[in-house]
Amino acid sequence: QETLDAGLQKTREGFFGKITKAIAGKSTVDVDVLDNLEDALVSADVGIETTVKIIENIELRVAKDKYLNTAELNGILKAEIEALLVKGDADATYENYELPKGHHPHVILVVGVNGVGKTTTIGKLAHNFSLAGKSVLLGAADTFRAAAVEQLTIWSERTGVPIVKREQGSDPASVAYDTVVSGVARNADVILIDTAGRLHNKAHLMDELSKIKKVIQKVIPAAPHEVMLVLDGSTGQNALEQAKHFTAATEVTALTITKLDGTAKGGVVIAIADQFKIPVKFIGVGEKAQDLLVFDGKQFVNGLFS
Ligand code: GDP
């Protein structure tokens, strides 16, 4: 909770500054307060659709209670946000960096646009799964950028986790295939495969990802067990756009939202959790290996309101 609270500092300050302003000088929740609150949430990157949903719920509450005190508003807002964030199947999370049960090795395909923190997230996952006693294997299937392979290699050296890679320009699907074959041979617990994110058009992206999935399935029919989309939280509403783009191109099963430190746009996590029925499983709150946290909706809300 401490790392999370520190990482959410800017978002918390922005969020609260706006909400405090929205209710300044008012004792009861009236139409003005709700209008101000709506503006505050939208400008805190909660997104219009999600904001409207939250405001409508509070309106219902006001209609029922008549004289709702503004002092009660924080608690109500917190409960509303928590309801949007806390959902999904608890068995499918990575709590304490344990792996969801049932498959061995557990294959995670990591997708996302360049620059969002994909490689860093994979490095952090490798570190944390290793610390939790899991044997990890990395696959450098982002073969378009030499820098991507180099960076993943640095993480491999830093964490002592083996990596499967080829020269730049080789076929990403064949790197993915080799990685899974090697993971099975090594009896790895978890395989993390990096993919290229430079694909601009949807058809190309779909094609590339489905090819990678197909070759993985030649080795393990039920894999990948997770397709994790990495989004940069500091880009606010752009992250929502990317999520739309990727979910239209392939089946995404989990989200990681990075760079929540250093931004006041962390409200976007609420919009993303609400608008995509895909669970947020990790959040990045810094550049170091320990700055990747398993997402917990309750803790996140506490971090926002602490
Ligand atoms: P990729 O192109 O998606 O693989 O992105 P990288 O992993 O290379 O990350 C791009 C930059 O973002 C690097 O400088 C990372 O150190 C930085 N970065 C990644 N995650 C976080 C995070 O959670 N917080 C901060 N502050 N920086 C991050």
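Tutor: Here is a walk through a few backbone details, one loop at a time. Keep in mind that this is a predicted model.

The peptide bond leading from His-104 into Pro-105 is cis, and its omega is near -5 degrees. That loop between H5 and E1 also holds Asn-96. Asn-96 is not a glycine, yet its phi is positive, at about 55 degrees. How exposed is Asn-96? Its relative accessible area is 62%, and exposed means over 50%, so Asn-96 counts as exposed.

Now move along to the loop that runs between helix H9 (202-219) and strand E5 (226-232), where you will find Pro-224. Here the bond to look at joins Ala-223 to Pro-224: this peptide bond is cis, with omega near -10 degrees.

Our last stop is the loop between strand E6 (254-258) and helix H11 (268-275), which contains Lys-259. Lys-259 has a positive phi of about 60 degrees, although this residue is not a glycine. Its relative accessible area is 33%. Buried means under 20% and exposed means over 50%, so Lys-259 falls in between and is partly exposed.

Definitions and conventions
Residues are numbered from 1 along each chain as its sequence is written. This is a predicted model: local features need pLDDT of at least 70, side-chain atom pairs count only at pLDDT 80 or more; totals for chains, interfaces and linings use all residues. Side-chain values use heavy atoms; hydrogens and water are left out. Helices (H or I, at least four residues) and strands (E, at least two) are DSSP runs, numbered from the N terminus. Buried means under 20% relative accessible area, exposed over 50%, partly exposed in between (1.4 Å probe, protein chains only).
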